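Open the model in your viewer and keep the selection panel at hand.

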Amino acid sequence: MNWNDVRYFLAVMRHGGLTGAARELKASPSTVARRIETLEGALETRLFERRPDGYEPTEVGRAMVEKAMTIETAMRDLEDGFCGQDGRVSGTVRIVTVDTLAPLLSGNMPPMSKAYCR
């Protein structure tokens, strides 16, 4: 079983269908559908009933949610705790610009205090 397929499973559970899950995961709905099919194949179990109005979890799918969410939390903790430990960049960032652009940049800069691993 692939952890990424479990992420897709949880996104479909949260959104009840492919479109919202695809938006969350920045993927296409067809990719989400394929990942769900791959997970169901690995488990040899249907996790969703496909309906015209969305994906309805089966009994097994509903039973799997809590354990999958526990795994998701553990994976985030791992990523947050160890992401960017080697080669962490630190120091002062200076941006040189003309006076008219400075107010536009100052309010739109992302925070730079955390390593971005995602």
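Rings of Phe, Tyr and Trp (its six-membered ring) pair if their centres lie within 6.5 Å; planes under 30 degrees apart count as stacked, over 60 as edge-to-face and the rest as tilted. Searching the whole structure gives two aromatic pairs.

This is a predicted model: local features need pLDDT of at least 70, side-chain atom pairs count only at pLDDT 80 or more, and totals for chains, interfaces and linings use all residues. Residues are numbered from 1 along each chain as its sequence is written, and side-chain values use heavy atoms, with hydrogens and water left out.

**Stop one: the rings.** Select Phe9 and Phe48. Their ring centres are 5.6 Å apart and the planes stand at 50°, so the pair is tilted. Phe9 sits in helix H1 (residues 3-15) and Phe48 in strand S1 (residues 48-51), 39 residues apart. Helices (H or I, at least four residues) and strands (E, at least two) are DSSP runs, numbered from the N terminus.

With Phe48 it forms a tilted pair, 5.6 Å centre to centre and 55° between the planes.

Is Phe48 buried or exposed? Phe48 has 0% relative accessibility, so it counts as buried; buried means under 20% relative accessible area, exposed over 50%, partly exposed in between (1.4 Å probe, protein chains only). Tyr55, at 13%, is buried too.

**Stop two: the helices.** Select H1 and H4 (residues 59-82). Phe9 returns here, among the H1 residues that meet H4. Contact means heavy atoms within 4.5 Å.

Technical notes. Axes fitted to C-alpha atoms, helices over the stretch in contact; angles between N-to-C directions.
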